[in-house]
Amino acid sequence: MAKLGTLFLVPNTLGDDARNEQLPWVLPAETITQTAKLKHWIVEDAKTARALLKAIDSVSPLNCTIQEMQMGEWRGAARNAKYGDAVKPADLLKPLLAGNDMGLMSEAGVPGVADPGAELVLAAHKLGAQVKPLVGPSSILLGLMASGLNGQRFAFQGYLPHDTHDRSARLKQLEVESRKLEQTQVWIETPYRNTAMLMACLQALAPQTLLCIGVDLTLKSEMISTLSIAEWRKRFPNEAACAPLQNRPTVFLLLA
């Protein structure tokens, strides 16, 4: 049997602005060098992938042009099916079977974490291919590191419900679990819902509960603050006061 290629899990930057300026801060030299070698790709969004590869090229010249690269898109089985895309993980991983190394790139952050790439990683394991994660930024871990909250026991909850009533109920449930387990609860939100999420936290959570908000992590505009809900209510007394957080990538953490 021919030797299979390796699936490299390639981290992306956490923000769109000035990727070439971000690289020295968020990607180790070895990650950049290995990324530059790859010709076969599976990405969440080709436009975003090309932007990172262009920035990589300015630091470590690509082994082939972006136009010469073979790039398939994967947004997750459920989402692909919704839009009538019948491609399967095994179809995208065929270059591995021919002995070619491949790169799997997330839209932002690291593949497989809060990211549909996990389905492809599992498929690669089933093929018997080597999976190699490369070091890069994760807003989840960066937020936890900087929060001052419990880093020994924590749980990532993904996205919370969008419905106002369901979101409030879920926040209260997470608060109860946090208090019972002494566990930090971590979640993310679509940037345009940041204001609604923060207001929901201020309305649903107890005054003494600690809430950390990490905004624009790794960017020059980065802001990370941990305060009690009572203190957050003073800082953001109404929805209008929350406007500066709107449309900015944010991670939320609480400890009751």
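How do the residues of the lining of the second largest pocket divide into nonpolar, polar and charged? I looked this up in what is a predicted model, and I found four nonpolar, two polar and four charged residues. The residues that line this second largest pocket are D17, A18, E21, Q22, W25, V26, T218, L219, K220 and E222, and the space in the pocket comes to about 200 Å³.

Next I turned to the largest pocket, where about 860 Å³ of space lies. I noted 33 residues in its lining, and L14, E107, A108, Y159 and P249 are the ones that lie nearest the centre. By class, I counted 14 nonpolar, eleven polar and eight charged residues in the lining of the largest pocket. Helix 8 (139-147), strand 7 (184-189) and strand 10 (250-255) each supply at least two residues of that lining.

I then looked at how helix 1 and helix 3 lie against each other. Their axes come within 9 Å and cross at roughly 75 degrees, which means that helix 1 is roughly perpendicular to helix 3. The contact between these two helices has six nonpolar, three polar and one charged residues. On the helix 1 side I listed R19, N20 and L23, which meet T48, A51, L52, A55, I56, S58 and V59 in helix 3.

Last, I checked helix 2 (residues 29-37), whose buried residues are T31, I32, Q34, T35 and A36. What covers these buried residues includes strand 1 (6-10), helix 1 (19-26), strand 2 (40-43) and helix 3 (46-59).

Notes:
Residues numbered from 1 in each chain as written. Predicted model: local features only at pLDDT ≥ 70, side-chain atom pairs only at ≥ 80, totals over all residues. Heavy atoms only, no water. Buried < 20%, exposed > 50% of the residue type's maximum accessible area, 1.4 Å probe, protein only. Helix = DSSP H or I, 4+ residues; strand = E, 2+ residues; numbered from the N terminus. Contact = heavy atoms within 4.5 Å. Axes fitted to C-alpha atoms, helices over the stretch in contact; angles between N-to-C directions. Parallel < 35°, antiparallel > 145°, perpendicular 65-115°, else oblique. Nonpolar A, V, L, I, M, F, W, Y, C, P; charged D, E, K, R; others polar. 1 Å grid on protein atoms, 1.4 Å probe; cavity = no way out; pocket = protein on both sides within 12 Å on 5 of 7 lines; lining within 4 Å. Points joined across faces, edges and corners; volume = space filled by probe spheres on them.
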